[in-house]
Amino acid sequence: MADIWPEVATAKEENRRELNLHGSEISERIEKGGFDKHVFDLVGLNYLDIRKTCLTELSVSVSKLVNLNTLILHNNRLTCLPGTIGDLKKLKLLDVSSNKIESFPKLDGLTELQSLIASGNQLSEFPDVSGLTNLHILNLSHNGLQALPDGIGDDKLEYLAQIMADNNAITQVPADLANLVRLHTLDLSFNKITELPPELSDCQKLKEFNVKGNKFKDRKLTKLVEQSHGKSVLNFLGVQLQKVRENEMREKGGKDKKKKKKKGVSKGEVEELARDVIDVLHFPVDTGITVQVKPAVISVRPYFVSCIIRNLNFKKSLNMFKRFITLQTKLHDTICNKRQTATIATHDLKLVKPVLVYDARFPHDIKVVPLFKSAEVTAEKLVAQLRKEADDLRKEKKRNTYSGIHKYLDLLKDKVQYPCLLDGDGHVISFPPITNSDKTKISQETTDILVEVTSSSSLDVCKKVADELLREMLLMGVGTPQEDVAKGDDTKEDDTVVYSREGDAGIIHKLVVEQVRVIDHEGTLKVVYPSRTDLPLDSYEVNRD
């Protein structure tokens, strides 16, 4: 039996969780007698770092290291990786940079992987990454890739923030990168890209965008890339995207007109049909959602309106869900005045258990699972953590102001109690104006949503924000299929709100909205939304049954 290396023997004897094997001495041992197989008997290892050696092959026995969360194989002479690397279910960081790897095994089993670094190899293709649902960082720079990996734009990759794929031979950029809601850094410089998809402008959080060193067909884009920052390029793509969408709407409108005229519909009837519709479903007594407002919240954040939006289809187009998330951000920045006047929250209705209670409680008594988190924390701890992050980021960036969610923390300043929305089990599903609960978050699969709007200013502000949200959603076309609008169902006992737009005749969007009642602690009705006085009459025609 081959001798055990001293570092490995020590790690085994002391039951160590970390093993580092670096440099020329390790390399000499590998050349003389091969790599020490005893390493793979150290099943308690969490961290294994093998670098700057002549190692050309990693044993399939690596799968025995079931507790490994960090595997660094930087700057060796590896030409491939064993398929068993996918058995490392706890792996969070895999660094195989600066090797000679020509092919990569399937990675479906690495569901906990957060960082994947494979730069500086000889890869011409890369396996599907859609199963790496916890991936934060992907670095594939300095290879020979002809395309980005399949699945890289899958909306399940909700944590993917950094993609580095510079210095490759990539020719196309997938439009579905716009599905990556947290994408912050995208480096595709020095490839063979000739066009950029306008949909990239929908990447709301994309701040570091580099596509220099490519030969674009559009001369204006080429000049902009070489002379400007990434933000200017994204703005250019945004203008292109707007034109594309306008053209699509005009083309669809023309087709709908022709179709209706062929059926013998008069011009006047076509114009009458070509309107957007909001169906307001009256509060269903037996199954409707009621929100009870407790006295404690009146002095904290007293105003609350809510409604249900049904029959949504976020799969209607490639970026529909992303556009809806972007819409909420836009409304928070505009009509909500950076959340100073109001805050919008949306919940997947099937995950909400009535009866709902809107209350105020002491920070240490509020427990919530923040969006995109898995652990429950108190509001006290969450706010303290966010304040620390805000201060650290401000110092790092040398700024005088806060950014992102941190700028909303002052809205809770000097508050003894914080507002919260609780479900029928007493679980917090919303902590305005900071976060929703991850337990009720919406997804591309969501069909019915509960909307809440809260404010410390006035009830009228809440209603105006809700009105604007419904109007924008209607224009997006995220609601009921257009064919349903033209059926002329005269049997329903609901209010129909019809909104007309110039230039889009023949394009019909429909939104189905169900009323939600808000009552006080004694059961007295405070507000029902949308009521007959809601949704501005100067923009809508309202037909009452």
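With which side chain does the side chain of D448 make a polar contact? The partner is the side chain of R310, at 3.5 Å. A polar contact is a pair of N or O atoms within 3.5 Å; within protein, one must be able to donate a hydrogen and the other to accept it, and residues adjacent in sequence count only if both atoms are side-chain atoms.

The structure is a predicted model, in which local features need pLDDT of at least 70 and side-chain atom pairs count only at pLDDT 80 or more, while totals for chains, interfaces and linings use all residues. Residues are numbered from 1 along each chain as its sequence is written, and side-chain values use heavy atoms, with hydrogens and water left out.

D448 belongs to the loop between strand 19 (435-436) and strand 20 (449-455). Helices (H or I, at least four residues) and strands (E, at least two) are DSSP runs, numbered from the N terminus. D448 counts as buried because its relative accessibility is 19%; buried means under 20% relative accessible area, exposed over 50%, and partly exposed in between (1.4 Å probe, protein chains only). Leaving aside residues up to four places away in sequence, D448 touches I309, R310, N311, H347, D348 and L349, where contact means heavy atoms within 4.5 Å.

Strand 17 (residues 418-422) is mostly covered, with five of its five residues buried. In a regular strand the side chains alternate between the two faces of the sheet. Here Y418, C420 and L422 point one way, whereas P419 and L421 point the other way.

Strand 17 pairs with strand 14 (residues 356-361) in the antiparallel sense over five bridges; two strands pair if DSSP finds at least two bridges between them. Within strand 17, P419 stands opposite A360. Strand 17 also runs antiparallel to strand 18 (residues 428-431), joined by two bridges, and L421 stands opposite S430 of strand 18. Strands 17 and 18 form a hairpin with five residues between them, and G426 in the turn has a positive phi of about 85°.

**Aromatic residues**

The structure holds seven aromatic pairs. Rings of Phe, Tyr and Trp (its six-membered ring) pair if their centres lie within 6.5 Å; planes under 30 degrees apart count as stacked, over 60 as edge-to-face and the rest as tilted. Two of the pairs are set out below.

| Pair | Centre to centre | Angle between planes | Class |
|---|---|---|---|
| F35 and F40 | 5.9 Å | 45° | tilted |
| F104 and F126 | 4.7 Å | 40° | tilted |

F104 is buried at a relative accessible area of 11%, and F126 is buried at 9%. F35 counts as buried at 12% relative accessibility, and F40 is buried at 1%.

W5, F35 and F40 form one aromatic cluster. The charged end of R29 sits over the ring of W5, 5.3 Å from its centre; this requires NZ of Lys or CZ of Arg within 6 Å of the ring centre and within 35 degrees of the ring normal.

**Helix 6**

The buried residues of helix 6 include M320, F324, L327 and L331. Among the elements that cover the buried residues of helix 6 are strand 13 (343-348), strand 20 and helix 8 (459-476).
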